[in-house]
Amino acid sequence: MVSPMSAQVPYAAPPPARPDAGPVTPMMAQYLEIKAANPDCLLFYRMGDFYELFFADAEAASRALGIVLTKRGRHNGDDIPMCGVPVERADDYLQRLIALGHRVAVCEQMENPAEARKRGAKSVVRRDVVRLVTPGTITEERLLEPGRANWFAAIARVRESEDIWVYGLAGVEISTGAFVVCEMAQGALGGEIARLEPSEIIVAASVMEDAQAGAVLTGAGPPVVPVARETGEVSNDRRLEDYFGVATLDGFGQLTRAERAAASLAISYIERTQAGQRPPLSFPQRRGRGEVMEIDAATRANLEITRTLAGKSEGSLVSAIDMTLTPSGGRLLAARIASPLMEPQAIAQRLDGVEWLIAHNGLREDIRLALRAAPDFARALSRLALQRGGPRDLASIREGLTCARDIAAVLNRAGDEPPVQLAQAASLARAAPPALIEHLSGLLAQELPLNRRDGNFVREGFNADLDELRALRDASRKVIASLQARYASETGVKTLRIKHNNMLGYFLEVPQAAGENFVQPPLNATFIHRQTMAGAMRFTTTELGELESKIASAADRALALELDLFDSAAARTLEQAQAIKDAADALAMIDVCASNAELAVRRNWSRPLVDGSLTFIIEGGRHPVVEAALARQGKAFVANACTLGVADAQAGQLAIVTGPNMAGKSIYLRQNALIAILAQAGCYVPAANAHIGAVDRLFSRVGAADDLARGRSTFMVEMVETAAILNQAGLRSLVILDEIGRGTATFDGLSIAWAALEYLHEINRSRTLFATHFHELTQLAAKLPRLVNLTMRVTDWKGEVIFLHEVAHGAADRSYGIQVARLAGLPRVVLERAQHLLAQFEDNERARPGRIVDDLPLFAAAARTTPAAQDAGSPAVLEALAALSPDEMSPREALDALYELRRLAAAQK
Ligand code: ADP
Ligand code: MG
């Protein structure tokens, strides 16, 4: 059984029928049976022009959609709650339900009432669930965001040894057919899910029994659907072989056991939700361990890679660099940024493409012009395969393929051969099947309806039979017009009109007064009365009736023929599914490449060098998002260099960045992390020069983001994340720590920051940037050889602080807190008093030159001393400490308290 883990709705099953409560109607019996088979979904039960919901489903849906809850019939002696949505507006309602995390089983009528009656007067229309609509399996254009992939993740695990489990993750994007797999240890699960940003997580139920894995999955955000193994289920390999129609799995690039388990789980979920329809998936594409940069979920969130901390895509890294012109290009760009590469040669190949398109300015413009015409045809293909496509999807395929050929031709025009990736894309684009383009162009009319059932999408002249039926249909319509004229003149009623409605079909209508004559001889011999309205009467005639059936049958036959033509065109299209997917992928790739080239030209970005060293040298680096935001306000961004080791000998350099609040520390830290991501994603970077030894793991702990939703204090979160960094970062990692220790009392915080820095220097040896307001930490440079001090330059102008946003070597001489407070508008007396106090504190400080650094043994030495052996501190200090309530203090107050504590401590000695 499957049940959604998200808190939203337990779709309570309707109460079972009680034998004493009277007979259950056949329809209700059918409903109850279908509902019992889909307990985890809202059941949309088709009744004519409506989908109706009953019982708890009706209550949940009426609440969620704000639609009226009514009653229909009785069950066990009680009224049955009911609500309904019109079929033609079902998409809107589905969209809202999906957005709220609901799942919907769509149950259709599989025959018309006449067919049902043939089986007996009391038979109910046969109904079946044709599809489960879930957040991760939608394909409708209106339900999807164009530039954003919509993945679902399937997670399984296999035992590797006695107590070691390996996790497999399969990601499927049904709307485009993308299919990826990878395997990992439990610790990396959260990061891999964050990379994919799935809208639904399917998981083997047994995994949820593992408390840790369960917590990672439920904490990931999207709804989690645990699936229990059913007895007699086919093996994982069998399921995959069967889906892809291959005899063995050898072609799948040696998927591991965990990967196959996850892939098979994904397939079984598709089979269940699509009710047997098979979207054209690519073979599972395997990503080996170590192929891409690992970025944990917290780091992704902190660096605002695809979304800002507020959850918006605007303001994220991806949106700041996205100059793609097609939705699939936008999706590919986001995917590349989510998975920066490790292999220098693969990175260089992407960069070669960008460089070439920068060099070929005119060509790039032509390509971008052509790209503007490219529709989202990968998604159109999936809809067609799932029998959900319409005439516009066929048109989309035709235009997409045409565009692919146009762009291939543009690339061909270049005097020199494009670099390998562009050349490959060009050859795939060139292979877009011309016969299919021609067929679809011949088939499709200029104006296309959304729905194929609306007909009239086949071009005149494409099919002789169709043209004939249409002529008949239209000619009969002309005959009706002449009939109206004839009747009008014969009866002398000029206002006589022939009209049509669904109830009566064709009829003629005359004013009441004239109508009275029609029911008298001689007119009543021709005119047969049908209806009397207020002020009008309606009639028909034998001739009109005959004409009507002629028109109806011609129109019906025309539509049936159009639908046949649609089906055969769809089948022809699907035969070319691989070529179409290739062309779509090629266009997306060219789009991304051209987007990056365009960006590099417009913003003066440069080609980074990524290699296998441990170097990290950035000259003239900028923050891509902040620079663009400042540019919009007409302000300049101050570029800054960053060097964390120029050769492997200096591997593992750490830099402490100090400077007052608002000086630009956080921006500086992030920009260097973002440049590493961009470089390894194969993009040009916002820097004059960048040389980066490929970063295998990126860690960032920035700011103290609130995490109250998960019930953890911000300090706890900060520590959990810091622990993750200290436990995992290595020689190839890049670590960004911003204001660690800020969430607790000053001494605590300082001590934790101090110890963490020592550990990073001695044990992790990662390239590290560490911004801090603890000036004491700068003294560490005297003891740790690979640690340098950087500071954000500021100047004082008439007592006001001016931020230069410039990074310089050295430590900040003071914190400028009071100047910042002045900028913030604190009352003047408070500022003066603070200035006075500060002067006193600083005097005290100078009176006792004992530097804190001398009092503290280095990490290695400290580790040997037991905590009990350390000085417990003097009573006055302890008293003062106990009196503090760190959670209520502002940073300024905390700093003041720190000075005060140090003064007390000094006085005691
Ligand atoms: P800090 O972390 O030191 O408190 P931030 O990094 O948050 O400071 O930066 C504060 C503000 O200063 C930013 O919002 C930005 O507007 C501006 N800023 C930061 N760095 C630069 C820069 N290099 N050039 C121009 N403005 C900058
Ligand atoms: Mg900051």
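1. A crossing of two helices is called left-handed if the near helix is turned anticlockwise from the far one by less than a right angle, and right-handed if it is turned clockwise. With that term in hand, one can look at helix 16 in this predicted model, where helix 16 passes helix 17 in a left-handed crossing.

2. The axes of helix 16 and helix 17, the latter made of residues 420-430, are 8 Å apart, and the two helices pack at an angle of about 135°. Angles over 145 degrees would count as roughly antiparallel and those from 65 to 115 as roughly perpendicular, and helix 16 is therefore oblique to helix 17.

3. A second pair to examine is helix 8, residues 236-244, and helix 9, residues 257-273, whose axes come within 9 Å and cross at roughly 55°. Helix 8 and helix 9 are therefore oblique to each other as well, and their crossing is again left-handed.

4. Where does Q387 lie? Q387 belongs to the loop that joins helix 15 (377-385) to helix 16 (391-413), and its phi is near 60°, which is a positive value in a residue other than glycine. This deserves a second look in the structure, because most residues other than glycine have a negative phi.

5. The backbone also holds a point of interest at the peptide bond from P521 to P522, which is cis, with omega near 5°. Most peptide bonds, by contrast, are trans.

6. Which residues are closest to ligand 1? Of the 13 residues that surround ligand 1, the closest are V638, M662, K665, S666 and I667. The shell around ligand 1 consists of eight nonpolar residues, four polar ones and one that is charged, and its largest share, three residues, is supplied by helix 24 (residues 665-680).

7. In K665, a backbone N or O atom lies 2.8 Å from an oxygen atom of ligand 1, while in G664 a polar backbone atom is 3.0 Å from an oxygen atom of the ligand. S666 takes part through its side chain, in which an N or O atom is 2.8 Å from an oxygen atom of ligand 1. On its own, ligand 1 has 560 Å² of accessible area, and the protein covers 80% of that area.

How values were computed. Residues are numbered from 1 along each chain as its sequence is written. Chains are lettered from A and ligands numbered from 1 in the order in which they are written. This is a predicted model: local features need pLDDT of at least 70, side-chain atom pairs count only at pLDDT 80 or more; totals for chains, interfaces and linings use all residues. Side-chain values use heavy atoms; hydrogens and water are left out. A residue is near a molecule or strand if one of its heavy atoms lies within 4 Å of it. A polar contact is a pair of N or O atoms within 3.5 Å; within protein, one must be able to donate a hydrogen and the other to accept it, and residues adjacent in sequence count only if both atoms are side-chain atoms. Accessible areas come from the Shrake-Rupley method with a 1.4 Å probe; for residues, only the protein chains shown count as cover. Helices (H or I, at least four residues) and strands (E, at least two) are DSSP runs, numbered from the N terminus. Ala, Val, Leu, Ile, Met, Phe, Trp, Tyr, Cys and Pro count as nonpolar, Asp, Glu, Lys and Arg as charged, and the others, Gly among them, as polar. Axes are lines fitted to C-alpha atoms, for helices over the stretch in contact, and angles run from 0 to 180 degrees between N-to-C directions. Angles under 35 degrees count as roughly parallel, over 145 as roughly antiparallel, 65 to 115 as roughly perpendicular and the rest as oblique.
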